[in-house]
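Q: I have not looked at this one before. Please walk me through it.

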Amino acid sequence: MWGIIISIVMAIIIGLIGDALVGHNMPGGILGSMIAGFVGAWIGSLLFGDFGPIIADFAVVPAIIGTAIFVFILGLIGKLFRRAA
């Protein structure tokens with residue numbers, strides 16, 4: 001039970017850090033940051049592997065970089081849709 005809670009908290013923290021690095025406002029607030037943290041951790045581990053400190057099965061450095069990439073891509077897609085509308 002505690003493992004799930006710690007994973008969710010880590011995903012939220014990583015999502016907020018990745019959002020702050022890119023400078024976009026992540027839609028969805030805390031829930032959006034949590035989803036971005038999980039997706040970013042997955043992207044980061046695929047692209048960069050597992051290096052740096054590992055907390056709650058998150059390799060922190062690749063997860064933050066992956067989240068920043070994910071949020072940046074979401075920001076570009078959001079701008080594209082705002083122009084089209």
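A: First, a term: a helix here is a DSSP run of H or I with at least four residues, and helices are numbered from the N terminus. The model is predicted. Just after helix H1, Gly23 takes a positive phi of about 90 degrees.

Q: Which residue with a positive phi follows H2?

A: Gly49 follows H2, and its phi is positive, near 80 degrees.

Q: What is the average pLDDT of the protein chain?

A: The average is 85, and 99% of the residues score at least 70. Among the elements, H2 has the highest mean pLDDT, 89, while S2 has the lowest, 83.

Q: Which residues of H1 are buried?

A: In H1 the buried residues are Ser7, Met10, Ala11, Ile12, Ile14, Gly15, Gly18 and Asp19. They pack against H2, S1, S2 and H3.

Q: What do the buried residues of H2 pack against?

A: They pack against H1, S2 and H3. Among the buried residues of H2 are Gly32, Met34, Gly37, Gly40 and Gly44.

Q: And what covers the buried residues of H3?

A: The cover includes H1, H2, strand S1 and S2. Val60, Ala63, Thr67 and Phe70 are among the buried residues of H3.

Q: Thr67 then. Is it buried or exposed?

A: Thr67 has a relative accessible area of 0%, so it is buried. Its place is in helix H3.

Q: Which residues is Thr67 in contact with?

A: Neighbours within four places in sequence aside, Thr67 is in contact with Ile14, Gly15, Gly18, Ala36, Gly37, Gly40 and Ala41. The Thr67 side chain reaches the backbone oxygen of Ala36 at 3.5 Å.

Q: Changing topic: how many aromatic pairs are there?

A: The count is 1 aromatic pair. Phe38 and Phe58 form it, with 5.8 Å centre to centre and 35 degrees between the planes, and it is tilted.

Q: Why is Phe58 counted as buried?

A: Phe58 is buried because its relative accessibility is 7%, and the cut-off is under 20%. Phe38 has a relative accessible area of 36%, so it is partly exposed.

Q: Which residues make up the largest nonpolar core?

A: Phe58 is one of its 10 residues; the others are Met10, Ala11, Ile12, Ile14, Met34, Ala41, Val60, Ala63 and Ile64. H1, H2 and H3 each give two or more residues to this core. The largest share, 4 residues, comes from H1.

Q: Where's the other core?

A: Another core, of 5 residues, lies apart from that one, and Ala36, Ile43, Phe70 and Val71 are among its members.

Q: Back to Ala11. What does Ala11 touch?

A: Not counting residues up to four places away in sequence, Ala11 touches Ser33, Met34, Gly37, Phe38 and Phe58.

Q: Last one: where does Asp50 lie?

A: Asp50 lies in the loop between H2 and S1. Its relative accessible area is 59%, so Asp50 is exposed.

Q: What does Asp50 touch?

A: Asp50 touches Ser45 and Ala59, with residues up to four places away in sequence not counted. Its C-alpha is separated by 9.0 Å from that of Ala63, 13 residues apart along the chain.

Terms used: Residues numbered from 1 in each chain as written. Heavy atoms only, no water. Phe/Tyr/Trp six-rings, centres within 6.5 Å; stacked < 30°, edge-to-face > 60°. Buried < 20%, exposed > 50% of the residue type's maximum accessible area, 1.4 Å probe, protein only. Contact = heavy atoms within 4.5 Å. pLDDT = per-residue confidence, 0-100. Core = buried A, V, L, I, M, F, W, Y, C linked by side-chain atoms within 4.5 Å. Polar contact = N/O pair within 3.5 Å; in protein donor to acceptor, adjacent residues only side chain to side chain.
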